[in-house]
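Please examine the sequence and the structure before reading each solution.

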Amino acid sequence: MLAEATRILAGEQPLQQRMHRLFELLRAAVRFRDGRLTCWLQSAQPGTVRQQYYSADGWPYPWDEGLTRKVALSGAIETRTIVVSNEAALGGHLPVAQASYLGAPIFWGGRLWGVFELRADSSAGLASAPELVSALLPLLAAAIAQEGRRLPSPPAGASDGETPTGLTLGPGRQRQLAEINERLEEMLDLHSLLSLLLRRALESTGAEAGAMALVDHTLGELVLQVYEGYPDDRGALSGQARQRLSWEAGLAGRAARLGRALLIRDVTLQPEHHPASAGARAELAAPILVHGRAAAVLILDSPRSNAFGEEELAFVRALCDRAAHPLSRALHYQDAIESANYLGQVFASLPTGLALLDANGKVLRANPAWSLLWGLNGQTGRAPFHVGLDLVEILLPRLQDPLRLTEFCTAGQRSPGTTQQTVVRLANPTQELQVLSVPTHDSQRQLSGRLWAVTDVTREGEADRLKTEFVSIVSHELRTPLTSILGYTELLLNREFSPDERTQFINTVYVEASRLSQLVEDLLNFSRLEAGKVRPNQWVTSLNSIVHELTTQLNTQLQRHRMLIQVPTNLPPAYVDRDKVKQIIFNLLTNAIKYSPGGGQITLEMREAVPGELPADHPQGRWVMVAIHDQGIGIAPDDLTRIWERFYRVDNTNTRRIGGTGLGLSITKALVELHGGRIWARSELGKGSSFFFTLPIPGEQARRLP
Ligand code: ADP
């Protein structure tokens with residue numbers, strides 16, 4: 001049966017003849033009295049023609065057009081009992097008999113093509129028909145589409161206002177549409193376009209509330225854009241704009257998914273339906289299709305049941321049809337704005353200084369990092385600003401090699417198609433800026449100018465210098481003890497010496513080997529600390545005992561110095577790693593001894609810190625403060641800020657004579673900070689120095705530790 005139907009419907013004859021044969025074929029399977037196909041033929045040119053094909057030998061009773069429209073809008077096959085009536089001469093309808101009715105909307109590719117209907121005697125019924133008819137629907141849709149393509153040109157009388165429900169918009173509505181059309185053509189801004197559509201839909205349909213949402217097909221969501229008339233605190237659509245809603249719930253979502261307009265005259269008759277707003281009785285939703293897909297959806301709500309009928313539906317559909325092109329354009333425009341905005345934010349927030357230059361080196365646009373890195377302080381505001389002139393002029397007092405920047409600018413103009421790079425060195429403050437200059441092209445791929453990308457490489461330069469300095473310091477420090485060790489051992493091996501001389505030489509070898517061992521120790525310590533591999537093994541510890549051990553150990557070195565220890569007996573214990581604290585105090589005491597070659601007093605003082613004496617950024621809590629004072633050579637203010645840097649050694653005749661790696665204080669600082677404490681120093685050149693650091697006093701939690 002289906003195979004035969006397929007053959008008939010796929011035939012070449014006009015649709016009328018094919019339908020005639022199809023109805024004949026159907027009679028073998030279903031006992032119906034008459035049948036009808038209503039379809040909206042879409043011709044190749046814009047325009048729709050309504051066509052109806054009837055089975056032969058039908059009932060003389062007219063078809064109920066209202067019922068046909070209802071089926072067209074409902075979206076599902078409908079079977080019911082109806083009363084057929086005669087059109088009486090007096091103008092009324094005379095009921096004649098009860099009958100069975102089946103109506104099936106023909107949907108295909110997101111579009112309504114027509115309605116297929118059968119009527120039968122009520123005794124015969126159409127119980128077996130729905131299954132067969134639903135199998136026929138795709139074949140019918142294909143046949144209707146094919147028939148539409150055969151239409152030579154839009155037939156006379158098919159107006160723009162014609163709708164699939166066969167309803168033609170009245171002249172008033174058509175005028176409204178034409179007027180909106182003009183406004184829509186002018187609009188580029190998405191928000192204004194959607195607001196206008198919503199406003200007009202509300203005015204023309206009399207709906208009390210409505211909204212427009214964009215459709216996100218990837219996430220299956222509606223993104224609310226504009227809405228009007230919903231109470232603020234009720235219903236799904238009462239949130240703020242950009243609110244996202246799943247398209248699984250609600251009429252708007254269904255309209256977006258199906259790609260066609262839907263109408264619910266009275267929500268109370270469809271209890272399973274959840275309206276967009278709690279008070280809504282009638283709802284109407286229509287998609288705006290762009291390239292066959294719902295790009296946006298309009299939803300209208302009214303607290304009055306039956307507020308919307310086919311007239312409103314037809315108008316909204318026609319409105320949405322007209323909005324398709326302007327919407328597509330506005331979406332593209334919005335996309336362009338969004339991406340420009342996004343790129344603008346990236347441009348503004350990058351730490352790399354960026355400037356777009358025209359072919360003559362004039363700055364067209366620059367980000368904040370650009371002014372910051374060059375230290376321009378708003379001087380770019382002076383328009384026009386040329387890199388070759390204005391930038392060079394402003395930087396002139398600071399440029400270490402002014403010619404270099406000027407040449408870089410002229411070279412860029414001489415060979416506009418090449419990428420160039422340079423490092424600009426500035427003084428006061430010392431700064432190294434790496435400038436990368438790449439050619440830019442316009443949309444026609446023509447050279448348009450250059451993009452300068454400026455990065456601060458001062459730290460990298462500094463690190464490089466430190467590394468070189470380190471290698472030279474370390475090799476010098478290694479070579480000095482090694483040379484004397486080698487020299488003395490060679491002497492001892494090759495010549496005879498008195499026992500006193502031998503003891504003296506061996507002693508020197510021992511001292512130099514100890515220096516070497518200390519250097520290697522420092523280097524290992526430092527690299528472990530720098531790699532973050534050192535974890536403090538903290539316990540509640542009495543600092544008195546550490547002081548005792550250290551002073552005994554250091555006593556041998558104190559020939560010219562007096563050591564004063566000031567530790568109160570009631571000093572609270574600290575929560576520390578014993579070995580590390582020993583190392584901290586040892587480093588500071590040996591420095592105090594080393595850098596006071598003339599002798600003097602060295603004081604080691606410990607007490608609980610009182611509020612106000614700690615640096616401003618010091619963490620809160622209870623702290624032990626340790627201070628080591630000497631009366632040595634002291635440190636100049638400029639050096640005082642740098643002594644914590646690794647490998648930094650104050651360079652003067654005094655310090656040159658005293659050996660060292662410049663690592664001791666940076667290790668000490670890292671060890672103090674491992675405990676959460678801080679270290680700082682005060683000093684006066686020629687008078688002496690004081691170093692201070694803090695160690696935590698345990699809270700209740702730490703006291704309970706084993
Ligand atoms: P070094 O191995 O050179 O002693 P440090 O890191 O321990 O390295 O110290 C860095 C520099 O700080 C030293 O070179 C020295 O110039 C200065 N310095 C450190 N402690 C003192 C001090 N107590 N008195 C004077 N200068 C000091």
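A residue is near a molecule if one of its heavy atoms lies within 4 Å of it. The model is predicted, so to speak of local features a pLDDT of at least 70 is needed, side-chain atom pairs count only at pLDDT 80 or more, and totals for chains, interfaces and linings use all residues. Residues are numbered from 1 along each chain as its sequence is written, and side-chain values use heavy atoms, with hydrogens and water left out.

**Exercise 1.** Describe the residues that surround the ligand.

*Solution.* Step 1: the ligand is surrounded by 20 residues, and the closest are Asn 591, Tyr 595, Arg 649, Thr 661 and Leu 665.

Step 1: sort the shell by class (Ala, Val, Leu, Ile, Met, Phe, Trp, Tyr, Cys and Pro are nonpolar; Asp, Glu, Lys and Arg are charged; the others, Gly among them, are polar). The shell holds 9 nonpolar, 8 polar and 3 charged residues.

Step 2: assign the shell to helices (DSSP runs of H or I, at least four residues) and strands (runs of E, at least two), numbered from the N terminus. Helix 15 (578-594), helix 18 (664-674) and strand 23 (688-696) each supply at least two residues, and helix 15 gives the most, with 3 residues.

**Exercise 2.** Find polar contacts of the ligand, that is, pairs of N or O atoms within 3.5 Å.

*Solution.* Step 1: a polar side-chain atom of Lys 594 is 3.0 Å from an oxygen atom of the ligand.

Step 1: a polar backbone atom of Gly 664 lies 3.3 Å from an oxygen atom of the ligand.

Step 2: a nitrogen atom of the ligand is 3.3 Å from a polar side-chain atom of Ser 689.

**Exercise 3.** How are helix 10 and helix 11 oriented to each other?

*Solution.* The axes of helix 10 (residues 387-395) and helix 11 (residues 402-414) come within 10 Å and cross at roughly 170°.

Step 1: an angle over 145 degrees counts as roughly antiparallel, and one under 35 degrees as roughly parallel. Helix 10 and helix 11 are therefore roughly antiparallel.

Step 2: in the contact (heavy atoms within 4.5 Å), helix 10 contributes Val 387, Gly 388, Leu 391, Val 392 and Leu 395, and helix 11 contributes Leu 405, Thr 406 and Cys 409. These residues divide into 6 nonpolar, 2 polar and no charged.

**Exercise 4.** Which orientation do helix 1 and helix 4 have?

*Solution.* Step 1: helix 1 (residues 2-9) and helix 4 (residues 129-150) pack at about 10°, with axes 10 Å apart.

Step 1: helix 1 is therefore roughly parallel to helix 4.

How values were computed. Polar contact = N/O pair within 3.5 Å; in protein donor to acceptor, adjacent residues only side chain to side chain. Axes fitted to C-alpha atoms, helices over the stretch in contact; angles between N-to-C directions. Parallel < 35°, antiparallel > 145°, perpendicular 65-115°, else oblique.
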